[in-house]
Amino acid sequence: MSDVENMAVQPHTSERGAATRSSLLAAAREVFVSKGFAEAGVTDVVARADASVGSLYHHFSGKADLYLTLFEEFQVKQSQRTKQAARAARAAGETDPMRVFISAARAYLDGCLEDRELADLFLRGDGPPGFDVVMRDRLRKWAQLNAALFEDESALVVVVTGALAAAVSEVVRTGDRALAEEVLAIIGQIRPATSATAPTSG
């Protein structure tokens, strides 16, 4: 086969590989959601994907890698959602950091509700060994982003980040969009302690 012919075949092979990878991820999602991570097996995933065990190990190192890839892809989508919402709020003239935060938080909760099965999968505590560390690290990074938004009001960051994390868990569990809006309305009223305790003039 000539180099040109080989180049013509290569994209087709890559496309097939990408399709197999996507099929395995979709199957893993279905299996993890229905059985839980602990009860799911690699054989369940390949059977659902109509693929071979060899093809799974060609793309992933195992069951935990499938789970973590699903998590990372979900987080990338959520990050894009929140960034777009924050940018849109600022572009509309919003300058209050809390209102920008609420716009981003609403986008995050909307994403959780739209992909509720997957969000619930990551929150239910049935993940690979060490996943709790991954979640804590992600929460810490999220708090750091909020710290930049609130100009290092560290106590405020702890409160709003913790409140929203609890809200995400409850909203995903119940699927209650009205509850999400109520929680956001309450969080939106939180202000730094210095503002709350500052003496009023007059």
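Start by selecting helices α5 (97–114) and α8 (residues 154–174) in this predicted model, where the two axes come within 10 Å and cross at roughly 25° (axes are lines fitted to C-alpha atoms, for helices over the stretch in contact, and angles run from 0 to 180 degrees between N-to-C directions). The helices are DSSP runs of H or I with at least four residues, numbered from the N terminus. α5 and α8 are therefore roughly parallel to each other, a label for angles under 35 degrees, while over 145 counts as roughly antiparallel, 65 to 115 as roughly perpendicular and the rest as oblique.

Now show the side chains of this pair: Met98, Phe101, Ala105, Tyr108, Leu109, Cys112 and Leu113 of α5 touch Leu156, Val160, Leu164, Ala167, Val168, Val171 and Val172 of α8, contact meaning heavy atoms within 4.5 Å. By class this contact holds 14 nonpolar residues and no polar or charged ones (Ala, Val, Leu, Ile, Met, Phe, Trp, Tyr, Cys and Pro count as nonpolar, Asp, Glu, Lys and Arg as charged, and the others, Gly among them, as polar).

Residues are numbered from 1 along each chain as its sequence is written, and side-chain values use heavy atoms, with hydrogens and water left out. Because the model is predicted, local features need pLDDT of at least 70 and side-chain atom pairs count only at pLDDT 80 or more, whereas totals for chains, interfaces and linings use all residues.

Finally, select Gln75, Thr82, Tyr108, Trp142 and Leu145, the closest to the centre of the largest pocket among its 31 lining residues. α7 (131–149) is among the helices that each supply at least two lining residues, and α7 gives the most, with ten. The lining as a whole divides into 21 nonpolar, five polar and five charged residues.

Key:
1 Å grid on protein atoms, 1.4 Å probe; cavity = no way out; pocket = protein on both sides within 12 Å on 5 of 7 lines; lining within 4 Å.
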